[in-house]
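Please look through the sequence and the model shown below before reading on.

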Amino acid sequence: MEDEKVNTVAGEEVKMQDGGNEVKEEKKKEKKEKKENPKNAKKAERQLARQMEAAAVKEVDDPLAANYGEIELQTLQSAAQSGRKWTKVSQLDQELKGQAVLVRGRVHAVRSKGKMAFLVVRESGYTVQCLASVAENVISKQMLKFISVLNKESIVDVEGEVSVPPGEIAGTSQQVEIQIRKVYCVSKSLASLPLTLEDAARSELDFEKAEKGGKQYARVGQDTRLNNRVLDLRTPANQAIFRVQSHVSMFFREFLISEDFIELHTPKLMAGASEGGASVFTLDYKGQPACLAQSPQLHKQMGICADFGRVFEIGPVFRAENSFTHRHLCEFTGLDLEMEIKEHYFEVIDLLDKLFVYIFDGLNEKCKKELEAINQQYPFEPLKYHKETLRLTFDEGVQLLKEAGIIVDPMADFNTETEKKLGQLVKDKYDTDFYVLHRYPLTIRPFYTMPCADDPRYSNSFDVFIRGEEIISGAQRVHDVLLLTKRATECGIDVTSLSAYIDSFRYGVVPHGGLGVGLERVVMLFCALGNIRKTSLFPRDPQRLAP
């Protein structure tokens, strides 16, 4: 059993362990890694050799040994509070010049040269260069060796002084340096990783430049990314994507609350399908047949029946469709709202118009850095939209296609190819990527959709499109019990499974309407990312149930 050393860091006892045990454990892990990932075996062996060398070096008595090392787990088990303050990497700027700081982050890159070692630390997508130079009573050669063999993606604490170099620092977000005084490894990563962030963060332009220059970079495929999603999510673009997504739901909630909506949370276990059809996940619920909710639709409407007036929800939605497309998932996050209508379903469209302009304006104003980070890896044209959103009837959409030589069934839904073509025609004619198409044929809408008063072949419904792809579906709802029952039966839905829903309308209900939005699809199309799996944290499609 290896001896332990006790060092003091900022007045707190920190137990350090000599390198022997760690090296032995690392060797076992690397042997396993060699079998599982032979491509990285040589790299792992080289890293292990360097670590063993560093461990041997530390065996030599070093009077500065307290300034570096691996922190033992016991110290990290909430053993004590030292009162130390950590500074976020994103906050490091020239105003902190000369000040002592303590930062925690991941080892993004390491290189050593002579009596110097450079350590780039990354925290939430922000990076800073840290420099260690051999100096009497401050930095030892052993400390440089310790830094030089730190595994990428390991978690480290770095203490030092902020300095401002004369020129630009290439490759880091923060244009200051930290002159290292102490460095400790908090959590060690494997030496050999399933993918590298450098590879995962490259753009198509990077690959093109490399090819022209005679270089060849490794491409990280979609399955490799998703199988190792935690690593993949660390790239600057992915960090930005999910911060943008967070802002979309925040703006959605913020705007609706300002419009006198209240947030409800509806059940996800249902006795029957809310959308009809066979695309439901069925399960046994204590001996009763049940399914996962395809939509909060029915309970949103029951909220209107309960006199809440205006309601919304942000929550999971489940669709058991075998759709292997770039825009379909079996589980996604729904942004749903329902509201009372005084006279016309255009009241709902008026609100969604203001809502999405608010969201788009908010993203462009508050997420500039995030959008730029996404644009670095996945270049895209900014979304074009008007302050008053364009509205076209379904028939007008059919006519636009006809004028372009594309003949479609005027009473059938558009397929993906037709939607994209219509989106391009709309952009060419009206200079917008964002528009509303309303008054759809009734036969292609859910059973709870209100038919048009002047022509029962059509409905008081609408879809909204971004860059030629549908993101929103909405309508005025049927609030009359007899018509609702008739429509459900015509759509092949078992009325008895919806008895609680239908009964809620027997007690009197105001006319109402609403809409549903796919959060992942909004972000995908706003940033023109091309695949919804890029905007789903851990995607669930017909073939993926992990991680």
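**The protein as a whole**

The model is predicted, and the protein in it has 16 helices and 19 strands. Of its 547 residues, buried ones make up 50%. The protein exposes about 27,100 Å², and carbon and sulfur atoms supply 50% of that area. Among the contacts with a separation of 6 or more, 70% are accounted for by residues 24 or more positions apart.

**Aromatic pairs around Phe 360**

The count of aromatic pairs in the protein comes to 17. In one of them, the rings of Phe 360 and Phe 434 have their planes at 85°, and because an angle over 60 degrees counts as edge-to-face, this pair is placed in that class. Phe 360 belongs to helix α10, residues 346–366, while Phe 434 belongs to strand β16, residues 434–438, so the pair ties together parts that are 74 residues apart in sequence. Phe 360 has a relative accessibility of 0% and therefore counts as buried, and Phe 434 is likewise buried, with a relative accessible area of 1%.

Phe 360 also pairs with Phe 526, and here the planes stand at 25°, so the pair is stacked. Since Phe 526 lies in helix α16, residues 519–526, and Phe 360 in helix α10, this second pair ties together parts that are 166 residues apart in sequence. Both Phe 360 and Phe 526 are buried. The two pairs are set out in the table.

| Ring pair | Distance between centres | Angle between planes | Class |
|---|---|---|---|
| Phe 360 and Phe 434 | 5.0 Å | 85° | edge-to-face |
| Phe 360 and Phe 526 | 5.5 Å | 25° | stacked |

Which residues do ring pairs link into a cluster with Phe 360? The cluster consists of Phe 356, Phe 360, Tyr 385, Phe 434 and Phe 526.

**Charges over rings, and a serine**

Aromatic rings can also be described together with charged side chains. The charged end of Arg 202 sits over the ring of Tyr 217, at 3.6 Å from its centre, and the charged end of Arg 445 sits over the ring of Tyr 440, at 4.6 Å from its centre.

Ser 203 is found in the loop between α4, residues 197–200, and α5, residues 204–212. Is Ser 203 buried or exposed? Its relative accessible area is 4%, so Ser 203 is buried. Leaving aside residues up to four places away in sequence, Ser 203 touches Gln 376 and Gln 377.

Technical notes:
Residues are numbered from 1 along each chain as its sequence is written. This is a predicted model: local features need pLDDT of at least 70, side-chain atom pairs count only at pLDDT 80 or more; totals for chains, interfaces and linings use all residues. Side-chain values use heavy atoms; hydrogens and water are left out. Helices (H or I, at least four residues) and strands (E, at least two) are DSSP runs, numbered from the N terminus. Buried means under 20% relative accessible area, exposed over 50%, partly exposed in between (1.4 Å probe, protein chains only). Contact means heavy atoms within 4.5 Å. Accessible areas come from the Shrake-Rupley method with a 1.4 Å probe; for residues, only the protein chains shown count as cover. Rings of Phe, Tyr and Trp (its six-membered ring) pair if their centres lie within 6.5 Å; planes under 30 degrees apart count as stacked, over 60 as edge-to-face and the rest as tilted. A charge sits over a ring if NZ of Lys or CZ of Arg is within 6 Å of the ring centre and within 35 degrees of the ring normal.
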